[in-house]
Number of protein chains: 2
Amino acid sequence: MPSFSDRLALAIAEKKTPVLVGLDPRWAQLPCVFTQGVSEPTGFDVAEAYAQFCRAVIDIVAPLVPAVKPQAAFFEQFGPDAMRALHGVIRYAQNQGLLVILDGKRNDIGSTAAAYAAGLLGRGTSPWSADALTVSPYLGDDSLEPFIETANKREAGVFILVKTSNPGGKLFQDLIADGKPVYQHVAEWVESAARASLSPRSANPYASLGAVVGATWPKQLAEMRQTLKSCWLLVPGYGSQGGAAKDVAGAFDQRGMGAVINNSRGILFAYKKPEYARFGEKDWEGAVEAATRDMIDALAAETTAGRLR
Amino acid sequence: MPSFSDRLALAIAEKKTPVLVGLDPRWAQLPCVFTQGVSEPTGFDVAEAYAQFCRAVIDIVAPLVPAVKPQAAFFEQFGPDAMRALHGVIRYAQNQGLLVILDGKRNDIGSTAAAYAAGLLGRGTSPWSADALTVSPYLGDDSLEPFIETANKREAGVFILVKTSNPGGKLFQDLIADGKPVYQHVAEWVESAARASLSPRSANPYASLGAVVGATWPKQLAEMRQTLKSCWLLVPGYGSQGGAAKDVAGAFDQRGMGAVINNSRGILFAYKKPEYARFGEKDWEGAVEAATRDMIDALAAETTAGRLR
């Protein structure tokens, strides 16, 4: 199997867009077809509804986008049955031709980090089968290395949190140490590790080690594109969190490569937004497709992602 | 139900020790009675073995210690069946009279953090039913507050990573910003949030919001006891990671309260250590009990935890 980075580049080129659809099922926002008749849902009810909803979303977006990003929290929230549903959703998405970036923000000390990496990372070679995983950096280099090693062995990817999209992200990430913010220290470590794992023979300038940088900080995003020369950027915060197409322009290189832009609620629950009210709850699927196509078009119009076409 | 902090204080007083037993099952180290006849274990095989092993450990330690700390990674490593085993282990431990601190080091942006908190925190009031959870601080205040709010509503506890026990923890945690290390900034935020959630009527000086500070940094541990006046300290790194009883003395207050000291491998797999070789693999349970009692005695001899007796 080619490396995660090569597979991601190929999928973006084929679909001609860097849109990443976040699979964040939320019970209270599901179209009523998935929740009707269930007043006090058990974990099993929720698991069934999330599995069906996510499969339906995957069917719509699989021809349009390169990858999906299931959010582990929304499944873990409802216990073991819902974790099993997550497991099925990952495989279903892969069978429909999508890459799967699992958003778990996991980490721990070295030998425990190795257990997360072994369990989560690797399509068909790990129990959870993710193509890539998000990882938190607070525990430092010896907590990050086991993920990178396992990813390299299994042609999987890792995205390390650098500058997160939430307002509170700045509290510790923006503290200035040695003249630069903490997130810059993290970014420099990530870039150095990415460069070390790049194959010198590859035409692909990006490693399978990437970084999470929020769309809500456009200036820092463009700076991070410079610092993280060898890294894919996973950019959350588009749509419901306030980021727009022009805000993420700085994430891309001149070819329109180098970044994937995530949208979760803005696509999954588009039927609730005024722009897509014409579809109504009955045609929530039409709203998902329209919102996905609109985001693809907006990125093509406002960023170098338009050059993919 | 009393607050997590009150329940923890009571359990420590009853058992007369602050020893926390980490439930870190590792397939390759399990006594052979749990693995015999299984050459290539499936997730189901591992889940069954982990459930049986952890229940056996719980039966031994329940009369001796106040709490256990299951490590989510070792269960997640083997997929959904093993996650179901974790779910059962938490309940089994609670039924045997133990508090359960789930070591997940979870976190995400606010609304997603709320999903983790809703799912994991709260004995009998959440799907996973943990009495407390470890949480990572990199995403900042608006990612931490949902855990604290849910914990306060459900009489649960939260332990935020401040200074972790692994050598690499220093890479980002020890960066100096505004004249003090990043972990000190995190500690001051945690202390401030803990003080705000303390009940003024309570005789208990500790909130249900605590901090993780490693036994491997004795000097910083004593400093953190001063900074985190209103917080329980969860201290990993004792035993296999190199921390000894005298190294954790600074974690306690004058009454022997204020901290729980974790030991995972040093207790679970004591039968593999030279000191307990006399038990052999057949009496691995005897080794677990001896190692637990030895740790209780060492803390009583070398720290103010002796005053609990």
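The structure is a predicted model, in which local features need pLDDT of at least 70 and side-chain atom pairs count only at pLDDT 80 or more, while totals for chains, interfaces and linings use all residues. Residues are numbered from 1 along each chain as its sequence is written, chains are lettered from A and ligands numbered from 1 in the order in which they are written, and side-chain values use heavy atoms, with hydrogens and water left out.

**Chain A**

Chain A contains 11 helices and 10 strands; these are DSSP runs, numbered from the N terminus, with at least four residues (H or I) for a helix and at least two (E) for a strand. The C-alpha trace spans about 55 × 45 × 40 Å along the principal axes of chain A. The radius of gyration of chain A is 18 Å, which agrees with the value near 19 Å that a compact globule of 309 residues would have; this radius is taken over C-alpha atoms, and the globule rule is 2.2 Å times the number of residues to the power 0.38. Of the 309 residues in chain A, 64% are buried, that is, under 20% relative accessible area with a 1.4 Å probe and protein chains only.

**The interface**

The size of an interface is often given as the accessible area lost when the parts come together. Chain A and chain B bury about 4,900 Å² between them, and 61% of this lies on carbon and sulfur atoms; the area is found with a 1.4 Å probe and summed over both parts. In chain A, the residues that lose the most area to chain B are A:Pro80, A:Tyr138 and A:Phe172, together 18% of what that side buries. Contact (heavy atoms within 4.5 Å) joins 61 residues of chain A to 61 residues of chain B.

Between the two chains there are 6 salt bridges, each a side-chain nitrogen of Lys or Arg within 4 Å of a carboxyl oxygen of Asp or Glu. A:Glu76 forms a salt bridge with B:Arg106, with the closest N and O atoms 2.9 Å apart.

**B:Asp108**

B:Asp108 lies in the loop between β3 (99–106) and α5 (110–120) of chain B. This residue counts as buried because its relative accessibility is 3%. The table gives two of its polar contacts, defined as pairs of N or O atoms within 3.5 Å, where within protein one must be able to donate a hydrogen and the other to accept it, and residues adjacent in sequence count only if both atoms are side-chain atoms.

| Side chain | Partner side chain | Distance |
|---|---|---|
| B:Asp108 | A:Gln71 | 3.0 Å |
| B:Asp108 | A:Lys105 | 2.8 Å |

Terms used. Buried area is the accessible area (1.4 Å probe) that two parts lose on being put together, summed over both. Buried means under 20% relative accessible area, exposed over 50%, partly exposed in between (1.4 Å probe, protein chains only).
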